[in-house]
Amino acid sequence: MFDSIYSTSVTVSEFFAMAAAALLSGVLFAWLMSFRIRAARRFFIVNAIIPFMVATVITFVSGNIGAGVAIGGAFALIRFRSAQGSSDEIASILIAMGAGIAFGMGYLAYGVVILIGMATLFFLLSSLPIFEHRSMPEYKLLKVTIPESLDYTDVFDDTFGHYLTSVESMGVKTTGMGSMFRLSFKIRMKDQREEKAFIDELRTKNGNLEIAVLPYAEAQSQL
């Protein structure tokens, strides 16, 4: 059952058996992951067909070094043109690609076990509060837009000292054709209930320009 279905050369029946196993388990995997990952519908459609596409590539380049290098370059180009996803999306794609390699080598049972097993494990770990430490204050990403005429060196120090237990500058960049600055800080609130008061006080100092307070883990890619 767990042996490769491929012989020396891939036959038509072996290829279609691989395609059926990869597509069916890929659709089931994407459906299970959709309960725990917030993403667009197109992401799950792509995720469902990734195992089959990777398996197809592995099947036809097996033993051909030149074709393998060409395909590797194509995959690198696709990654270069793709926006960075969340950790959940990246993990889902890696699982699908790992299963696709198993399918491409003819190990259908292993591919199915990888997809369904990892989806079930992901589902269970997401449901259990074993990694949640509610007593630990949550870090957030603060992004403040200020006019270029405002000296941002210490203008917010008193506000930060009143509302925050910790603050770390994450960088500065220009925006609005260079007419404004956008400051980024990694912050931790003393009291989450004072977030609105904190933002209101910042607005009085930045001329009521844009302010964003985001979950730090999900917002790092926006820096």
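This is a predicted model: local features need pLDDT of at least 70, side-chain atom pairs count only at pLDDT 80 or more; totals for chains, interfaces and linings use all residues.
**View 1**
Let's start in a loop: N206 sits between α7 (195-205) and β4 (211-215). Is N206 buried or exposed? N206 is buried, because its relative accessible area is 0% and buried means under 20%. Two contacts of its side chain go to backbone atoms. The side chain of N206 comes to 3.2 Å from the backbone nitrogen of N208, and to 3.1 Å from the backbone oxygen of L209. Once neighbours within four places in sequence are set aside, the residues in contact with N206 are V144, T145, I146, P147, L150, F156 and I211.

**View 2. Helix α5, end to end.**
Now follow helix α5, which runs over residues 108-127. How far apart should the ends of this helix be? With 20 residues at 1.5 Å a residue, helix α5 should span 28 Å. In the model its end C-alpha atoms are 29 Å apart, so the two values agree. While you are here, look for the buried residues of α5: L108, A109, G111, L115, A119 and F122.

**View 3. F52 in helix α2.**
Our last stop is F52, found in helix α2 (residues 41-61). F52 has a relative accessible area of 17%, and because buried means under 20%, F52 counts as buried. Which residues does F52 touch, not counting those up to four places away in sequence? They are F15, M18, A19, A22 and L23. Look for G100 too: G100 and F52 are 48 residues apart along the chain, and 6.0 Å separates their C-alpha atoms.

Terms used. Residues are numbered from 1 along each chain as its sequence is written. Side-chain values use heavy atoms; hydrogens and water are left out. Helices (H or I, at least four residues) and strands (E, at least two) are DSSP runs, numbered from the N terminus. Buried means under 20% relative accessible area, exposed over 50%, partly exposed in between (1.4 Å probe, protein chains only). A polar contact is a pair of N or O atoms within 3.5 Å; within protein, one must be able to donate a hydrogen and the other to accept it, and residues adjacent in sequence count only if both atoms are side-chain atoms. Contact means heavy atoms within 4.5 Å. The expected span of a helix is 1.5 Å times one less than its number of residues.
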